[in-house]
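Please read these notes with the model open beside you. They go point by point.

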Amino acid sequence: MLLPRLAFAALLAFTPPAMAETAVEQPAAVVSIAKLGEVLQLDELFEVLRDEGLDYGKTMETDMFPSGGGAGWEATVSAIYDVRLLRARFNAALRAELASDPATMQSIMDFLASDLGQRVVGLEIEARRAFLDTATEEAARVAADDRAANRDPKVALVRRFVEAGDLLEMNVAGALSGNLAYMKGMAETGAYGRAMPEDQIMSDVWAQEAQIREDTSSWLYAFLGLAYDPLTEAELQAYIDFMESPAGQRLNAALFVAYDKVFRKVSYDLGRAAGIAMQGRDI
């Protein structure tokens with residue numbers, strides 16, 4: 001199931017010159033979330049998310065620290081993207097969203113554990129891993145534009161898939177939330193040289209909305225076009241049918257909630273780390 005990318009579309013423009021549960025209480029819920037993680041292939045996905053984060057850390061270092069951030073910066077970014085920590089937070093959020101509804105959980109599992117369900121999850125992760133290569137992402141964007149120009153029937157199906165999951169709006173909201181958290185983290189370090197009121201931070205973040213929306217739309221159709229290219233139209237339609245079902249809608253919403261809770265903190269931590277490093281202080 002698609003999770004938002006780590007999107008900081010215009011982040012650098014704002015840099016200054018840069019509940020614990022016990023097995024006795026809820027054993028069935030814990031097992032269900034563990035099984036959900038297996039069919040969502042979260043181990044594989046979070047390794048890709050970590051690689052995305054480490055790559056982004058290198059981009060930040062190049063753009064923000066002319067003399068390099070050094071081993072301290074690399075270690076800090078690596079710690080922020082610690083997979084075990086991120087997975088624990090993500091699982092807790094999923095549990096809060098889904099574990100109290102076993103009927104919905106079963107419907108979700110019925111699809112995801114099927115041959116088609118496992119195939120689409122795998123294809124999404126493969127495409128996400130492929131997008132770690134900039135040239136592959138750019139080629140996928142060009143291919144998406146070509147498919148649209150040639151009226152490829154799959155384009156309409158992908159558009160319906162995006163609408164079924166409200167993926168454009170959810171991804172834009174996630175990027176804005178991440179940028180807000182990043183700027184708050186940086187502002188708290190004094191990196192802007194003066195106190196920055198929250199209303200100004202909000203204004204600066206919202207100023208990015210149009211750019212983020214345009215880039216996110218392009219990214220979405222490129223990513224989904226690459227991921228679902230091996231699927232037949234009938235298979236993609238079956239996936240859409242699940243996404244439009246109550247179970248699919250519930251899962252999609254839960255994934256976005258979990259992602260936002262986890263990666264809003266990641267963004268905040270990155271902002272704080274960047275602000276401290278820019279001032280030449282120990283991270």
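The numbered points below start with the overall fold and then turn to local features.

1. **Overall make-up.** This is a predicted model. The protein has 13 helices and zero strands. Read from the N terminus, the order of elements is α-α-α-α-α-α-α-α-α-α-α-α-α. The protein counts 283 residues, and 49% of them are buried.

2. **The core.** In soluble globular proteins, nonpolar side chains tend to be buried together. Here the largest nonpolar core holds 83 residues. The residues with the most contacts inside this core are Leu36, Phe90, Leu94, Leu112, Leu224, Phe263 and Leu270. Which helix gives the most to this core? Helix 13 does, with 13 residues.

3. **Helix 3, the buried side.** Helix 3 spans residues 70-80. Its residues Trp73, Thr76, Val77 and Ile80 are buried. Down the helix axis, the buried residues of helix 3 fall within an arc of 95°, so they line one face of the helix. Their cover includes helix 2 (42-64), helix 4 (83-98) and helix 13 (246-278).

4. **Aromatic pairs: Phe65 and Trp73.** A pair of aromatic rings is described by the distance of the centres and the angle of the planes. The structure holds twelve aromatic pairs. In one of them, the ring centres of Phe65 and Trp73 are 5.0 Å apart. Their planes stand at 75°, so this pair is edge-to-face. An angle over 60 degrees is what that label requires. Phe65 has a relative accessible area of 7% and is buried. Trp73 is buried too, with a relative accessible area of 1%.

5. **Aromatic pairs: Trp219 and Phe223.** This pair is stacked, with 5.1 Å centre to centre and 5° between the planes. Stacked pairs have planes under 30 degrees apart. Why are Trp219 and Phe223 separated by about one helical turn? Because they are four residues apart in helix 11 (residues 209-228). Trp219 is buried at a relative accessible area of 4%. Phe223 is buried at 1%.

6. **Other ring features.** One aromatic cluster is formed by Phe111, Phe161, Tyr228, Tyr239 and Phe242. Elsewhere, a ring carries a charge. The charged end of Arg87 sits over the ring of Phe46, 5.9 Å from the ring centre. The limit for such a contact is 6 Å.

7. **Ser177.** Ser177 belongs to helix 9 (residues 167-187). Its relative accessibility is 17%, so Ser177 counts as buried. The cut-off is under 20%. Leaving aside neighbours within four places in sequence, Ser177 is in contact with Asp260 and Arg264. With Arg264, the side chain of Ser177 makes a polar contact of 3.4 Å.

8. **Positive phi at Gln41.** Most residues other than glycine have a negative phi, and most peptide bonds are trans. Gln41 is not a glycine, yet its phi is positive, at about 55°. Gln41 lies in the loop between helix 1 (27-39) and helix 2. Its relative accessibility is 16%, so Gln41 counts as buried.

9. Where is Asp166 found? Asp166 is in the loop between helix 8 (153-164) and helix 9. Asp166 is partly exposed, at 38% relative accessibility.

10. **Pro197.** Pro197 is in the loop between helix 9 and helix 10 (198-206). With a relative accessible area of 41%, Pro197 is partly exposed. Pro197 and Lys184 are 13 residues apart along the chain. Their C-alpha atoms are separated by 9.7 Å.

Note on methods:
Residues numbered from 1 in each chain as written. Predicted model: local features only at pLDDT ≥ 70, side-chain atom pairs only at ≥ 80, totals over all residues. Heavy atoms only, no water. Phe/Tyr/Trp six-rings, centres within 6.5 Å; stacked < 30°, edge-to-face > 60°. Buried < 20%, exposed > 50% of the residue type's maximum accessible area, 1.4 Å probe, protein only. Helix = DSSP H or I, 4+ residues; strand = E, 2+ residues; numbered from the N terminus. Lys NZ or Arg CZ within 6 Å of the ring centre and 35° of its normal. Arc of directions from axis to C-beta. Contact = heavy atoms within 4.5 Å. Polar contact = N/O pair within 3.5 Å; in protein donor to acceptor, adjacent residues only side chain to side chain. Core = buried A, V, L, I, M, F, W, Y, C linked by side-chain atoms within 4.5 Å.
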